[in-house]
Amino acid sequence: TLILEDNKIKGTIPHEYGDIPLLEHLLLGNNILNGTIPTSLVNIQSLLTLELHSNVLTGTIPPEFGNFANLRVLYLYNNKLTGTIPQALYYLKTLEDFRVLPNDFDSANPPISQPNPNPNPPTSPTIQPNPNPPTSPSIQSNSTNPPTLSGEAEAPSVKAKKGLPIGAIIGIVVGAVVLVLVVIIVFLAVKLRKKKNEGGFYGAPVLCVDA
């Protein structure tokens with residue numbers, strides 16, 4: 001940091017200031033410096049603050065000032081600078097505080113921030129609409145069961161089951177009865193046969209008479 005402001009220093013700004021490495025703050029305001037602003041100051045790429053206000057500087061603002069890489073503060077007001085403000089200064093992304101009036105510029109009120117002197121200034125990126133935007137899934141209505149407007153979910157329809165024909169029911173009943181009868185008859189026949197085998201049948205007794 002080089003602070004020489006408020007010292008009533010006369011003369012011109014030395015070009016050698018541009019050779020000071022790693023200089024971040026150069027404060028030369030409120031002096032009696034004259035002559036032009038040396039373009040060599042742009043060589044100080046580490047410079048953050050450049051205050052040259054309230055002097056008797058003449059000439060124009062060097063267009064090379066647009067090449068500063070880290071400059072945040074630039075004070076040039078209260079001098080006798082002429083010409084116009086270089087357009088490159090409007091595009092210093094790091095510049096936060098730029099004070100340049102009053103001076104003897106060609107216009108009494110040169111544009112500082114708005115409107116931008118560039119006829120085609122860069123604009124912030126706009127959000128372009130998607131030419132094929134995703135659509136919400138459409139709900140296809142059933143032509144046979146259109147949706148109701150009451151907001152209530154439609155109850156699922158219950159189809160009545162068709163009953164069996166009467167003839168088929170009678171056939172099933174008769175078949176069941178016949179099957180039961182057959183089972184009973186078979187059961188009785190087996191039981192009767194078993195009983196005969198246990199008791200036996202021998203016929204009428206034979207009387208034998210001796211002669």
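The model is predicted, so local features need pLDDT of at least 70 and side-chain atom pairs count only at pLDDT 80 or more, while totals for chains, interfaces and linings use all residues. Residues are numbered from 1 along each chain as its sequence is written, and side-chain values use heavy atoms, with hydrogens and water left out.

Of the 211 residues of the protein chain, 25% count as buried. Here buried means under 20% relative accessible area, exposed means over 50%, and partly exposed is in between (1.4 Å probe, protein chains only). A contact is a pair of residues with heavy atoms within 4.5 Å. Among contacts between residues at least 6 apart in sequence, 46% join residues at least 24 apart.

The secondary structure comes to one helix and eight strands. From the N terminus on, the order of elements is β-β-β-β-β-β-β-β-α. Helices (H or I, at least four residues) and strands (E, at least two) are DSSP runs, numbered from the N terminus.

Three of the strands form an open sheet, in the order β2-β4-β6, with parallel pairing. Strands β2 (10–12) and β6 (56–57) stand at the edges with a single partner strand each, so one side of each is left without a neighbour in the sheet. Two strands pair if DSSP finds at least two bridges between them. Strands of a sheet pair through backbone hydrogen bonds, either parallel or antiparallel.

The two pairings can be followed residue by residue. Three bridges join β2 to β4, and in β4 the bridge partner of K10 is I32. On to β6, strand β4 (residues 32–35) is joined by two bridges. In β6, N34 has V56 as its bridge partner, and G35 has L57.

What does the side chain of N31 reach at 2.8 Å? N31 lies in the loop between β3 (25–27) and β4, and at 8% relative accessibility N31 counts as buried. The side chain of N31 reaches the backbone nitrogen of K8 at 2.8 Å. Leaving aside neighbours within four places in sequence, N31 is in contact with L4, E5, D6, N7, K8, I9, S54 and N55.

K8 is placed in the loop between β1 (2–3) and β2. Although not a glycine, K8 has a positive phi of about 55 degrees. K8 is exposed, with a relative accessible area of 68%.

N78, also not a glycine, has a positive phi of about 60 degrees. N78 is found in the loop between β7 (73–75) and β8, and at 35% relative accessibility counts as partly exposed.

The loop between β8 (97–99) and α1 (166–199) contains P102. The peptide bond from L101 to P102 is cis, with omega near 0 degrees.

Definitions and conventions. Polar contact = N/O pair within 3.5 Å; in protein donor to acceptor, adjacent residues only side chain to side chain.
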